[in-house]
Amino acid sequence: MNLQLTEFMHDRVNSVSCKFHRYMYTKIHWDRQMFGLIGPRGVGKTTMFLQYIHEHSQERNMFYVTADHVYFSSHTLIELADQFVREGGNQLFIDEIHKYTNWSTELKNIYDAHPDLMVAFTGSSILDLEKGKSDLSRRSPLYYLQGLSFREYLQLFEGISLPVYTLDDIVNLKPSIPDVRHPLPMFQTYLRQGYYPFGNDKEFRMLINQIVNQTLEVDIPQFAEMNVATAKKLKRLMFIISQSAPFKPVMETLSTVLKVSRNILPDYFVYMEKAGLIQQLRDPSGGMRGLGKIEKVYLDNPNVAYILGGESTEIGNIRETFFFNQMKVNNEITSSRISDFEIGDITFEVGGKNKTRKQLRGAMQGFVVKDDIEYGAENIIPLWMFGLTY
């Protein structure tokens, strides 16, 4: 293989730490002929690939490349795959596939031409395998990786290993953190800078702003084929949401403010949601298809909410953002006509330690989710427990 690419791979693989694995590591079927790992910037997709190569390179002939490497200015992915197979290659890892022009067509050709070659790729979470002429959806499943749960944060930064708890475990108050009498200080740190694996970086705030800007200025415009002027409107929309989350979108008003067609705005929201910048809470009318009416728009996670919203960020917004963010990984979560959220037939009202149960009157099964409390009782559950589900 190309010497420059080979040296680049060895440098990356040899420098990765394998002490901690993200929740998705054991869920991926690594032996599939082709699959994608997608998610927002900064959540650890590249690290996961490098860890797998580091831990299995003795078993197989593996190769790692990033799709924006200068090598591809004069070579194609197909050429790389052909050469790799000729040299006995088994598994090819392609990082940041969304930065490669015509990526879907070439992946399809590689898939068809080399049935014994396993190909894995990472990409922005806005990737659409059915976009364009090359439909990869039947060939290549996508695994979605989101940021750290509170449970993962405890393991990575505090050295505390906990099991994964189900929603049923939580409503029955089973979660606990052995040998930790007061979990709230660690939880507060998590809300501010624990969602990303680089949370202890001194430049954390700057890095988050870079992620947001690159997603809005590069990833979404490139995917949606937007011009510069349209990308600027996307940034303006993000600012509006960040200053008033949870945001109730009024399309007519936004259309006037941004000077765009009302019919285009829903696409903007979907792009931002898929890119991991916002999360849209829908009503239950869409069922399992998740096509219900948008009731509220939140920023994607508490870290982004604090940084974009500033110190004036309303704590109630942070609490709801955390609950929504953590629970959507394993559950279909919708708005509630009587409280904040519904998961199946269960209603949840999220608030501070003084939150009452009055909004749960009439709920078949309802729980008050309280911040600022360490332990629960009856149908009152500490907010931090909902961060232990993945």
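Select helices H12 and H13: their crossing is right-handed. A right-handed crossing has the near helix turned clockwise from the far one by less than a right angle, a left-handed one anticlockwise. Helices here are DSSP runs of H or I with at least four residues, strands are E runs of at least two, and both are numbered from the N terminus.

The model is predicted: local features need pLDDT of at least 70, side-chain atom pairs count only at pLDDT 80 or more, and totals for chains, interfaces and linings use all residues. Residues are numbered from 1 along each chain as its sequence is written, and side-chain values use heavy atoms, with hydrogens and water left out.

**Stop 1: H12 and H13**

Stay with H12 (residues 302-309) and H13: the axes come within 9 Å and cross at roughly 150°. That makes H12 roughly antiparallel to H13. Angles over 145 degrees count as roughly antiparallel, under 35 as roughly parallel, 65 to 115 as roughly perpendicular, and the rest as oblique. Axes are lines fitted to C-alpha atoms, for helices over the stretch in contact, with angles from 0 to 180 degrees between N-to-C directions.

Now show the side chains. From H12, Pro302, Ala305 and Tyr306 make the contact; from H13, Ile315, Asn317, Ile318, Thr321 and Phe322 do. Contact means heavy atoms within 4.5 Å. These residues divide into six nonpolar, two polar and no charged. Ala, Val, Leu, Ile, Met, Phe, Trp, Tyr, Cys and Pro count as nonpolar; Asp, Glu, Lys and Arg as charged; the others, Gly among them, as polar.

**Stop 2: H5**

Select residues 150-158, helix H5: Phe150, Arg151, Glu152, Tyr153 and Leu154 are buried. Buried means under 20% relative accessible area, exposed over 50%, partly exposed in between (1.4 Å probe, protein chains only). What do the buried residues of H5 pack against? They pack against H7 (184-193) and H13 (315-327).

The axes of H5 and H7 come within 11 Å and cross at roughly 100°. That makes H5 roughly perpendicular to H7. Phe150, Tyr153, Leu154 and Glu158 of H5 meet Met186, Phe187, Thr189 and Tyr190 of H7 in this contact. Just after H5, find Gly159, with a positive phi of about 70°.

**Stop 3: strand E1**

Select residues 34-39. Six of the six residues of E1 are buried, so the strand is largely enclosed by the rest of the structure. Met34, Gly36 and Ile38 lie on one side, Phe35, Leu37 and Gly39 on the other.

Strands pair if DSSP finds at least two bridges between them. Met34 stands opposite Val119 in E4. Finish at E5 (residues 142-144), which three bridges join to E1 in parallel. Here Leu37 has Tyr143 as its bridge partner.
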